[in-house]
Protein chains: 2
Amino acid sequence: MDSRGFREAAISSIDEIINYFDNLDKRDVVSTVEPGYLRKLLPAEAPLEGESWTDIQKDIEAKIMPGITHWQHPGFHAFFPCAASYPSILGELYSAALSGACFNWICSPAVTELETVVLDWLAKALGLPECFLSTGPTHGGGVIQGSASEAVLTAMVAARDKYLRETVPAELEGDAREDAIALKRSRMVALATSRTHSSTQKAAIILGVRFMTIPVGADDNYALTAPVLAATLAKCRERGLEPFFLTATLGTTDTCAVDDFAGIASALADHVPPGTPGEVWVHVDAAYAGAALVCPEVQQATRIAEVSKFHSFDMNMHKWLLTNFDASCLFVRDRAWFVQALSVNQAVYSNNASDGGLVTDYREWQIPLGRRFRSLKIWFVLRSFGVEGLRAYIRRTTQLGEEFAGWVRERKDLFEILTGPSFALTVFGVVGKDEEEMNQRTRRLYEAVNATGKMWVTSTVLDGRFAIRMVTSVNKTERAHVESAFQTFVEKAEDIVRP
Amino acid sequence: MDSRGFREAAISSIDEIINYFDNLDKRDVVSTVEPGYLRKLLPAEAPLEGESWTDIQKDIEAKIMPGITHWQHPGFHAFFPCAASYPSILGELYSAALSGACFNWICSPAVTELETVVLDWLAKALGLPECFLSTGPTHGGGVIQGSASEAVLTAMVAARDKYLRETVPAELEGDAREDAIALKRSRMVALATSRTHSSTQKAAIILGVRFMTIPVGADDNYALTAPVLAATLAKCRERGLEPFFLTATLGTTDTCAVDDFAGIASALADHVPPGTPGEVWVHVDAAYAGAALVCPEVQQATRIAEVSKFHSFDMNMHKWLLTNFDASCLFVRDRAWFVQALSVNQAVYSNNASDGGLVTDYREWQIPLGRRFRSLKIWFVLRSFGVEGLRAYIRRTTQLGEEFAGWVRERKDLFEILTGPSFALTVFGVVGKDEEEMNQRTRRLYEAVNATGKMWVTSTVLDGRFAIRMVTSVNKTERAHVESAFQTFVEKAEDIVRP
């Protein structure tokens with residue numbers, strides 16, 4: 001494919017993409033193919049001779065599209081959104097063209113420096129405390145990771161390293177030191193609540209450290225509070241375990257609960273005072289709901305200033321801020337914690353800029369070595385929409401969630417809200433005479449609305465209650481789509497409750 | 001930005017990208033900006049109101065390009081290539097448009113299924129043993145990771161899990177089991193040679209397991225051989241350490257050495273017979289040179305069939321196979337090893353297809369949860385170029401490396417080849433009366449040629465010898481560019497040797 005061929009192919013791809021977005025609501029949301037559908041449609045081997053773009057492109061609509069679940073469809077009310085926008089697609093396009101494995105500053109200074117600058121922009125827009133800025137007093141800063149899972153893993157590795165550095169006596173050497181570290185490792189425990197995203201548990205598995213779940217329930221709206229945390233810390237001390245890491249969540253996956261940051265800080269201060277050796281690293285997982293912090297009223301309501309007592313904070317631009325996957329933005333209060341834990345040197349990467357210590361080498365802030373130019377799309381999105389444009393989008397889709405919950409509340413004959421609306425998420429079920437009937441009815445409703453193909457909701461289980469999660473934060477979702485979804489819920493529920 | 005605005009913006013971006021590629025050789029290879037250059041050019045905060053695309057786009061050439069090091073420049077002879085091609089850029093474009101966090105099959109069946117199919121295509125094209133195919137007898141298969149570092153980490157987590165499962169007595173329960181595991185962990189050691197990529201050491205740091213370096217030297221051309229491995233295994237037994245993981249390399253970072261796969265297999269069989277509990281997991285890191293396996297003559301020369309005795313194999317399409325970063329292709333002999341180690345369930349991800357066990361959920365084959373539609377670009381590249389097209393490219397650029405080495409060899413008055421040519425990489429230095437003079441002269445040459453701006457080479461250190469790495473495998477590099485690079489080496493070296 002030469003430059004002329006590429007121009008033609010690219011324009012035709014752009015037209016196909018525009019057509020896709022403009023007519024998205026005519027497609028079913030979820031793919032209905034059978035497992036293994038694609039293998040039957042494709043040859044068993046790569047072609048020996050090259051094929052024309054025309055032949056390749058026509059397979060996208062013919063073979064790929066039937067197998068696509070449309071995350072940007074106005075009827076996508078599942079999980080959390082993961083939507084692109086036109087400016088973010090342009091960012092990915094330029095990033096692909098400027099391909100490089102930009103692990104060091106010199107590998108493309110712009111890749112490193114734009115990332116530092118736009119993550120400072122983002123931290124300010126989110127109202128994060130100054131300690132998370134690269135220019136802040138504690139030498140913090142942000143780095144783009146591929147996902148919130150990589151962010152929590154990176155934070156946990158740094159936390160373990162910091163904890164061992166602070167608690168294994170510096171005078172120990174050789175075998176005695178190895179033994180002391182092995183003993184410590186066997187006692188260290190990472191904490192998360194029963195509603196924390198599973199990525200914290202997965203990180204603990206990867207690190208090979210213990211993991212303990214703190215039970216949280218409906219009484220506290222599924223959020224972590226000071227007394228519950230204090231009780232867990234006491235239990236750890238009793239059992240000789242050493243907590244070194246806690247994930248606190250702003251917007252849990254099931255219900256968008258917000259943990260009590262001030263309460264967490266106070267319970268931890270009673271355990272090991274902050275800033276003293278052996279303190280518990282607190283990572284704030286704001287993967288989805290962190291986006292809403294662009295609105296000052298959300299900064300206030302969540303008391304986001306409290307996170308200055310914590311160690312790392314992560315949110316995904318690729319969920320609710322109009323940026324295509326992947327762009328998980330991880331901020332740390334002291335960047336030396338990452339570098340001390342993750343820096344591994346090799347002669348072939350030696351260069352004057354890095355060796356001089358004047359620049360950031362983001363490979364020392366992450367698990368992988370190489371990295372894409374992901375800050376371009378964040379830059380394009382922040383500039384194209386402007387902070388006010390992002391606020392308007394968050395407020396509009398949050399409002400849709402409140403309206404939906406309002407309508408649900410009016411039909412007490414059919415529905416019961418379990419949690420929310422919180423950050424455009426309402427969790428609800430169908431009424432019934434007992435838990436078994438409620439669960440059975442709710443599951444039938446869930447299957448019935450999804451079977452329409454016009455919308456997709458996902459489910460969760462809260463204290464034994466099967467529940468439907470209804471999310472209204474996809475950009476293309478308008479009031480009419482939510483109304484229509486509600487009507488579908490009502491019609492199907494009426495069939496179930498009064499057959 | 002509406003659809004019309006996007007069409008205009010995208011076409012103008014495509015034109016800028018074409019212009020970039022068509023005129024790449026007029027730019028200096030490496031950016032010459034000073035650290036901190038970009039912050040001075042950008043506002044301190046994101047704009048409140050959105051900006052026009054025209055304003056955003058003009059900043060790419062004005063502010064970003066000066067900070068770009070051009071990895072696709074014909075004079076890029078550094079590290080290894082990391083180049084895009086037009087078809088791969090189109091793949092990234094569609095992938096961005098179809099954004100979704102495709103962790104489960106149902107999240108977009110096509111994302112999972114195309115990945116399985118094209119990785120089977122790739123495995124066949126590379127001549128990998130059948131055990132690494134998804135359709136093979138051992139239930140193996142491939143998964144796309146972000147980088148070779150993530151691949152080795154994923155493999156090591158699975159290896160640790162497998163080793164503990166096999167060696168900790170199943171009858172132990174509760175505290176006794178915890179204690180046995182803690183003891184095992186403290187003895188387990190991951191092995192790599194002094195020339196293995198640092199990502200293996202980084203993975204060991206992340207896992208919190210011991211790491212041991214096997215020294216390899218010039219006598220063995222920096223490759224791992226049976227006797228050296230056997231000696232290390234004996235040392236481990238003596239010290240009470242338990243090796244559970246070894247990285248074998250096809251094309252080391254410094255010199256493109258190929259470890260002796262048959263020798264490794266034989267030394268390991270003497271330690272713990274393959275297939276018996278406690279066997280050492282062997283991960284083959286073929287990040288760069290694995291691409292050359294598309295040529296049957298390379299499959300033969302490297303005896304690639306031997307890797308059927310090993311456990312995982314990784315190569316990067318994004319280095320030497322015309323695919324933009326990131327596309328690291330990791331193959332495993334038994335996919336259950338990944339799933340057993342990395343599967344963590346959460347109610348919100350429950351769905352009929354996954355719960356029925358009929359489909360692949362790639363989140364269980366990797367560290368992150370969410371994932372991009374990366375197989376599209378691999379599909380486009382394999383189809384656009386065809387396997388013969390890729391072979392022609394690998395052979396042409398390998399040949400350039402041989403020619404370069406031939407010219408270097410003819411100037412014994414100036415140069416000495418330390419290793420190669422191997423996979424388009426020649427490692428060489430300037431002659432001198434002793435090591436100190438050779439190193440000093442080589443460093444001066446290295447700095448002088450890079451100062452021209454017309455080419456970029458990187459360096460390494462081999463047994464105390466500072467050496468220049470000259471790579472000729474970027475797609476845009478033609479014979480004329482290599483000739484011109486050689487002339488530059490000669491001119492600058494003559495000034496240094498005979499001032």
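Helices (H or I, at least four residues) and strands (E, at least two) are DSSP runs, numbered from the N terminus. Keep that in mind for every label below.

**Before you click**

This is a predicted model: local features need pLDDT of at least 70, side-chain atom pairs count only at pLDDT 80 or more, and totals for chains, interfaces and linings use all residues. Residues are numbered from 1 along each chain as its sequence is written, chains are lettered from A and ligands numbered from 1 in the order in which they are written, and side-chain values use heavy atoms, with hydrogens and water left out.

**Stop 1**

Select chain A. It holds 17 helices and 12 strands. Its C-alpha trace spans about 75 × 70 × 45 Å along the principal axes. The radius of gyration, taken over C-alpha atoms, has a globule rule: 2.2 Å times the number of residues to the power 0.38. For 499 residues, a compact globule would come out near 23 Å; chain A has 25 Å, which agrees.

**Stop 2: strand β9**

Select A:Pro421. It sits in strand β9 (residues 415-422) of chain A. Look at the bond between A:Gly420 and A:Pro421. It is a cis peptide bond, with omega about 5°. Most residues other than glycine have a negative phi, and most peptide bonds are trans.

**Stop 3: two loops**

Go to A:Tyr222. This residue is not a glycine, yet its phi is positive, about 65°. A:Tyr222 is in the loop between β4 (210-214) and α9 (226-238) of chain A.

Now switch to chain B. Select B:Phe325 and B:Asp326. A cis peptide bond joins B:Phe325 and B:Asp326, with omega about 15°. B:Asp326 belongs to the loop between α12 (317-320) and β8 (328-332) of chain B.

**Stop 4**

Two packed helices are described by the angle between their axes and the distance between the axes. Axes are lines fitted to C-alpha atoms, for helices over the stretch in contact, and angles run from 0 to 180 degrees between N-to-C directions.

Select residues 375-410 of chain A for α15, and residues 479-497 of chain A for α17. Their axes come within 10 Å and cross at roughly 25°. α15(A) and α17(A) are therefore roughly parallel (angles under 35 degrees). Their crossing is right-handed: the near helix is turned clockwise from the far one by less than a right angle.

Show the side chains in contact (heavy atoms within 4.5 Å). From α15(A), pick A:Leu400, A:Glu403, A:Phe404, A:Trp407 and A:Val408. From α17(A), pick A:Arg479, A:Val482, A:Glu483, A:Phe486 and A:Phe489. This contact has 7 nonpolar, no polar and 3 charged residues. Here Ala, Val, Leu, Ile, Met, Phe, Trp, Tyr, Cys and Pro count as nonpolar, Asp, Glu, Lys and Arg as charged, and the others, Gly among them, as polar.

**Stop 5: α1 and α3 in chain A**

Select α1 (residues 3-22) of chain A, then α3(A). The axes of α1(A) and α3(A) come within 11 Å and cross at roughly 10°. So α1(A) and α3(A) are also roughly parallel to each other. Among the residues in contact are A:Ser12 of α1(A) and A:Trp53 of α3(A).

**Stop 6: across to chain B**

The contact includes A:Ile56 and A:Ile60 of α3(A), and B:Trp379 and B:Phe380 of α15(B).

**Stop 7: the pair**

Show both chains. Copies are superposed by least squares on the C-alpha atoms of residues with pLDDT of at least 70 in both. A rotation of 180° with 0.0 Å of shift along its axis puts chain B on chain A, with RMSD 0.0 Å. The two copies are thus related as by a two-fold rotation axis. Finish at B:Leu207: in chain B, its C-alpha is nearest the axis, 2.2 Å from it.

Notes: Parallel < 35°, antiparallel > 145°, perpendicular 65-115°, else oblique.
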